[in-house]
Amino acid sequence: ATLLEKLDFLRDRLDLTVEELGLVFSKMPTLMCLGLKSNLVPKLDYLERALLDQNHPNDQLLKETILKQPTLLGYSLTGRIQPRMERLVAAGISPNKITVGISMSEIKFQLWLSSSQARKRKQLVLLEDLNFSEEELNLICSEFPEISDWNVPSLRSWISYLKGELGDSDAELKNTLLSWPLLLDDSSRHKVRHRLKKLRSMDLSLLDNINTIYWSGDKFDNWISLRQKASRSKISYLQRELGLNGTQTRVLLSEMPALNSTQSNKIFEQKLKYYMAEFSDVREDVTSLLLGRPSLLDLSIKQVVEPRMRR
């Protein structure tokens, strides 16, 4: 076949523009030396059959593959293209990855194949456990190129741990991981476990404060210190013991703002226990009492409240 016949064949077979045809030949000028019926046609026929993808028409995927790696057509069909394609498929790797593996030496190809298989296993763990889409898996893997080095049972165990800690459904955990992929990071799991434990010990919402896992150690420790001080305040004690909602809390603080800045102590806690005992441990009644008369929290039990109660 003449050069013109080869150009016409490739342009018609792959639906190439003049610019695309020029790009192919600029990257693979030796195409003009390859036979048409004995070489190019069998290779393109084989690749079209091998590049099966439900999301792409075969001719479109074939065109994309050749444009991405025109040198693919320069390799032997039976000696290189077909054997490597078969090994990709056997490893569960997408056939269109032939554009990556075709030019590698045999040793590099085997190492790359092993790494890709390991990555695929990790992807399957996530896919099976949380039903990630292919696009979502690619997003996770783009965050962690080293995912192929992770231990599969360890990853599955970690996902189970996160689900238990965060109390999420599969769908909720999936969304959390997509928003905060660092939760999956193999090298950060000790830090994540420590910080989740710290948040839980303070009765803080894990999901509402999940952003703190990205903070530096100093920033996290300072924030925890401030929250610990706040958790020891009188208003925090009342919230825990009486189950105050936001509105009730604001009412008390509007009358007694010092409840938010002063720490609870035994005397203060004994006052609340006294009122609880007087009202038979009915929290709603004590809450109503204090909302109506917040100043009762400042009165001395022995000197003021008990004498008046007896009277």
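Let's start in helix α12, residues 217-231. Phe-220 and Trp-223 sit three residues apart there, so about one helical turn separates them. Helices here are DSSP runs of H or I, at least four residues, numbered from the N terminus.

A word on the model. It is predicted, so local features need pLDDT of at least 70 and side-chain atom pairs pLDDT 80 or more, while totals for chains, interfaces and linings use all residues. Residues count from 1 along each chain as its sequence is written, and side-chain values use heavy atoms, without hydrogens or water.

Phe-220 is buried, at 1% relative accessible area. Trp-223 is buried too, at 17%. Buried means under 20%, exposed over 50%, partly exposed in between, with a 1.4 Å probe and protein chains only.

The whole structure holds eight aromatic pairs. Rings of Phe, Tyr and Trp (its six-membered ring) pair if their centres lie within 6.5 Å; planes under 30 degrees apart are stacked, over 60 edge-to-face, the rest tilted. What kind of pair do Phe-220 and Trp-223 make? Tilted, because the planes are at 40°, with the centres 6.2 Å apart. Ring pairs also bring in Trp-215, giving a cluster of Trp-215, Phe-220 and Trp-223.

Phe-220 has a charge over its face as well: Arg-195, 4.4 Å from the ring centre. The rule is NZ of Lys or CZ of Arg within 6 Å of the ring centre and within 35 degrees of the ring normal. Arg-193 lies over Tyr-161 at 4.2 Å.

Next, salt bridges. The count is 10. The cut-off is a side-chain nitrogen of Lys or Arg within 4 Å of a carboxyl oxygen of Asp or Glu.

Take Glu-48 and Arg-13, at 3.0 Å, N to O. Glu-48 is in helix α3 and Arg-13 in helix α1, 35 residues apart. Glu-48 is partly exposed, at 23%. Arg-13 is partly exposed, also at 23%.

Then Lys-174 and Glu-136, at 3.1 Å. Lys-174 is in α10 and Glu-136 in α8, so the pair ties together parts 38 residues apart in sequence. Lys-174 is buried, at 16%.

Last, Arg-200 and Glu-165, at 3.3 Å. Arg-200 lies in α11 and Glu-165 in α9, so this bridge ties together parts 35 residues apart in sequence. Arg-200 is partly exposed, at 41%.

Definitions and conventions:
Helices (H or I, at least four residues) and strands (E, at least two) are DSSP runs, numbered from the N terminus.
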